[in-house]
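Trainee: I am new to this structure and would be grateful for a close look at one part of it. Please begin with the aromatic side chains and lead me on from there to the rest.

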Amino acid sequence: MSHNGLPSPSAAASAAATADTTSAQAEPVVDAQDVTRHYVLGKDTIVEALRGVSLTVPPGAFVSIVGPSGSGKSTLLNLLGALDRPTSGALRFSGRDVADLSDAELASLRNTDIGFVFQQFHLLGRTPARDNVALPLVYRGESRRERRRRADEALDLVGLAHRRDHRPAELSGGEQQRVAIARALVSQPRLLLADEPTGNLDSQTGSDIMGLLQDLNAQAGVALVVITHDPEVAALAPVELPIRDGVLDQERATAGSLVPPPAVTAPPPPAEPDDSVASQRPPSQAEAAEEPPTR
Amino acid sequence: MRAGESLRVAGGAILANRLRAGLTALGVVIGVMSVVLLISVGTGARAEITEQLEALGSNLVFAVPGGFEGGPTEGGGPTRSPFTAQAIDDLSNDLAGQAEVTGTLSSGEQARGPAGQVGISAFGTTGSYASVTDTDVTRGTFFSDTDSALGRRVAVLGPSAAEELFGQRDPLGQQITVAGVGFEVVGLVEEAGTTFGVDTDLQVLVPLRAAQELFGIQRVDTVLVRAPSPDALPGVVDEVEASLAQTIDEDRFSVLTQDDILGVVGDVLGTLTLVLVAIAGISLLVAGIGVSNIMLVSVSERTREIGLRKALGARTRDITSQFLIEALLLCGLGGLLGLGLGIAFAEAAAATTPLPAEVTWWAIALAFGTSLGVGIVFGVLPARRAGRLDPAVALRHE
Ligand SMILES: Nc1ncnc2c1ncn2[C@@H]1O[C@H](COP(=O)(O)OP(=O)(O)O)[C@@H](O)[C@H]1O
Ligand SMILES: [Mg+2]
């Protein structure tokens with residue numbers, strides 16, 4: 001349906017559905033094919049946290065993965081974030097198979113291509129916001145000056161430039177999560193992974209944060225995968241994937257899965273409004289205020 | 001990750017737990033301080049002994065009782081000395097024209113003079129003592145070999161003995177008593193200083209035979225011979241050995257040069273210092289175990305932080321080096337403080353006690369190097385444990 005060179009928009013579609021339409025021009029940010037993850041707890045106890053999951057995330061996509069506690073969401077996110085390796089199956093980042101990458105190469109991949117946003121924020125307590133944001137840049141040997149400059153830019157992007165010298169304890173929960181988002185953005189990743197990003201926030205702050213993430217996805221073109229047990233949060237994504245007992249429910253994936261993802265480049269050209277997506281999104285105040293151009 | 005950044009992070013972590021870090025580093029502080037202090041005292045003692053021995057005069061040959069190399073065995077001890085006044089006279093004749101000979105015999109005695117009574121070191125010797133040991137007579141004369149041979153009761157005083165016995169009065173020509181026996185003061189000798197707090201200037205020199213009568217013995221402790229030049233030393237040693245062996249069993253005495261004595265004293269002091277430093281080293285070992293322990297606690301407390309850093313792109317070696325640098329910094333700071341205290345105590349000891357102490361660069365380098373070594377050796381285990389943490393598991397911690 002779209003002929004602008006984008007890969008198949010189907011984040012949820014099975015490998016069979018995507019294989020023939022995938023263009024070489026834009027590799028999927030991450031591509032999981034039939035991955036499993038088993039935790040060996042004892043001699044006879046194996047937890048099958050993931051049992052054969054296939055998922056393709058094209059550049060700029062926004063996918064939510066929703067499921068109850070213990071369904072394997074975090075396990076999947078660890079794999080998508082190159083924090084962990086699958087027990088079986090193929091997992092590729094921009095075409096590179098994790099099986100071929102050393103631990104140091106995975107670390108470097110996380111550093112340059114992936115941004116994490118956690119439920120517990122995970123900020124360094126004694127460290128001012130600006131240095132928290134700059135942390136990923138430390139691991140690529142950037143000079144202090146350059147780190148500060150880019151951290152300030154990222155803080156500006158999340159609207160917290162005026163809080164850059166504050167320590168986490170001096171910030172509200174919502175502000176802390178914004179600092180964490182700035183940290184995830186500072187390395188200009190291709191993929192933003194958020195594990196229950198609103199889980200520790202009240203509903204109003206939560207929807208502000210979701211609005212911010214959506215804007216970043218839409219404007220900066222960074223692919224966004226949000227993991228949540230909250231159906232309302234999940235419904236914000238054009239592609240909504242239920243997960244249960246370590247299996248993605250492809251049948252019940254939302255119709256939005258066949259809709260093209262938002263623009264891939266930043267700043268994006270105004271795209272045609274897509275009613276099928278818009279109709280599935282509950283209104284968000286943050287969105288209303290910001291007017292992302294992709295709708 | 002840059003080294004400067006690692007250092008900054010390590011410093012921050014230490015500052016965040018000041019008390020704990022301080023207590024942990026205390027072991028290193030004490031260990032390094034002890035090493036510096038003990039080596040300084042050992043070095044100082046050796047320097048002092050060297051100086052004292054050289055103050056006796058140069059090119060000296062000593063004949064002492066017993067087998068020296070094997071240490072003071074059954075032949076040792078002044079009362080068992082094989083030397084006699086006759087042996088000294090014979091030796092003197094044998095070496096006439098080649099070298100000067102004297103002998104000494106000493107004992108602690110009470111002396112009394114016009115200004116009071118004092119414990120002195122009564123030193124029996126011959127008239128050639130002053131020239132053999134290069135001692136200057138400041139007033140009067142040294143007694144002669146004839147005085148010595150005749151057993152005349154004359155005395156030469158060290159400066160401290162003169163002051164204790166006579167105060168401001170002039171001692172020359174005056175009488176003193178040593179162990180109740182009267183002596184006439186005929187001369188005064190120059191200052192020689194102190195050795196290990198013993199005032200060698202608190203000395204009363206009397207003719208050898210008079211001293212033998214006074215102490216009621218027939219022996220001489222030590223025979224001293226002065227060679228005319230360093231080149232003549234080996235020849236003189238041989239001559240002395242041959243001459244003494246004519247009347248004395250060879251196993252009952254040893255002939256040594258100053259260098260021989262310095263060597264043996266150095267060996268003994270070196271061994272003693274080594275043993276003491278090894279004990280101090282054990283305290284550093286214990287300190288290292290403490291460092292290891294506290295670093296393991298720190299790794300466990302900061303598991304989530306490690307997981308986060310790894311998620312943000314830290315490699316195993318970034319984390320490992322960060323914790324290794326933290327251990328190094330902890331031990332290095334402890335080491336610096338220990339150095340400061342060790343040097344201060346060594347200086348204080350040298351200034352206020354008879355203990356000589358000499359702080360050397362190699363002692364400082366050894367002590368500080370060891371503290372850094374402790375940091376590396378005992379930091380490796382916790383650092384590797386931190387580096388090996390699985391990021392996904394570490395992030396879930398707690
Ligand atoms: N490191 C681990 N070791 C053992 N079991 C684990 C580990 N991580 C997750 N699990 C198990 O895997 C299953 C899925 O966990 P998780 O992915 O955290 O679920 P969710 O995030 O959806 O709550 C759970 O049964 C959990 O107990
Ligand atoms: Mg979870």
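Mentor: Both A:Phe116 and A:Phe118 are buried, a word that stands for under 20% relative accessible area, with exposed meaning over 50% and partly exposed in between, using a 1.4 Å probe and protein chains only. Before going further, please note that this is a predicted model, in which local features need pLDDT of at least 70, side-chain atom pairs count only at pLDDT 80 or more, and totals for chains, interfaces and linings use all residues. Residues are numbered from 1 along each chain as its sequence is written, chains are lettered from A and ligands numbered from 1 in the order in which they are written, and side-chain values use heavy atoms, with hydrogens and water left out.

A pair of aromatic rings is described by the distance of the centres and the angle of the planes. Rings of Phe, Tyr and Trp (its six-membered ring) count as a pair if their centres lie within 6.5 Å; planes under 30 degrees apart are called stacked, over 60 edge-to-face, and the rest tilted. Over all chains, a search of the whole structure finds 5 aromatic pairs. One of them joins A:Phe116 and A:Phe118, a stacked pair with 5.7 Å from centre to centre and 5° between the planes. In chain B, one aromatic cluster is formed by B:Phe123, B:Tyr129, B:Phe142 and B:Phe143.

A further phenylalanine of chain A, A:Phe121, is found in the loop between strand S6 (114–117) and helix H4 (129–138); helices (H or I, at least four residues) and strands (E, at least two) are DSSP runs, numbered from the N terminus. Phi of A:Phe121 is positive, near 65°, although the residue is not glycine. Because its relative accessibility is 9%, A:Phe121 counts as buried. A:His122 lies in the loop between S6 and H4 of chain A as well. A:His122 also has a positive phi, about 55°, without being a glycine, and with a relative accessible area of 7% it is buried.

Another loop of chain A, between helix H5 (144–157) and helix H6 (173–185), holds A:Val158. A:Val158 is buried, with a relative accessible area of 1%.

Next comes the ligand. Ligand 1 lies between chains A and B. It is surrounded by 13 residues, the closest being A:Gly70, A:Lys73, A:Ser74, A:Thr75 and B:Arg396; a residue is near a molecule or strand if one of its heavy atoms lies within 4 Å of it. The shell divides into 5 nonpolar, 6 polar and 2 charged residues, where Ala, Val, Leu, Ile, Met, Phe, Trp, Tyr, Cys and Pro are nonpolar, Asp, Glu, Lys and Arg charged, and the others, Gly among them, polar. An oxygen atom of ligand 1 is 2.7 Å from a polar backbone atom of A:Gly70. An oxygen atom of the ligand is also 2.7 Å from an N or O atom in the side chain of A:Ser74, and one is 2.6 Å from an N or O atom in the side chain of A:Thr75. Taken alone, ligand 1 exposes 560 Å², of which the protein buries 73%; accessible areas come from the Shrake-Rupley method with a 1.4 Å probe, and for residues only the protein chains shown count as cover. Strand S2 (46–57) and helix H2 (73–80) of chain A are the elements that give two or more residues to the shell. H2(A) provides the largest share, 3 residues.

Chain B is divided into domain 1 (3–51 + 265–395) and domain 2 (83–248), with bounds from an automatic or database domain assignment. The C-alpha centres of these two domains of chain B lie 53 Å apart. Helix H7 (residues 208–215) of chain B has 6 of its 8 residues buried, so it is largely enclosed by the rest of the structure. Among the buried residues of H7(B) are B:Leu208, B:Gln212 and B:Phe215. B:Gly216, with a positive phi near 70°, follows H7(B). Finally, helix H11 (residues 316–352) of chain B contains B:Ala327, which is buried at a relative accessible area of 0%. The C-alpha atoms of B:Ala327 and B:Gly375 are separated by 5.2 Å, while the residues are 48 residues apart along the chain.

Definitions and conventions. A polar contact is a pair of N or O atoms within 3.5 Å; within protein, one must be able to donate a hydrogen and the other to accept it, and residues adjacent in sequence count only if both atoms are side-chain atoms.
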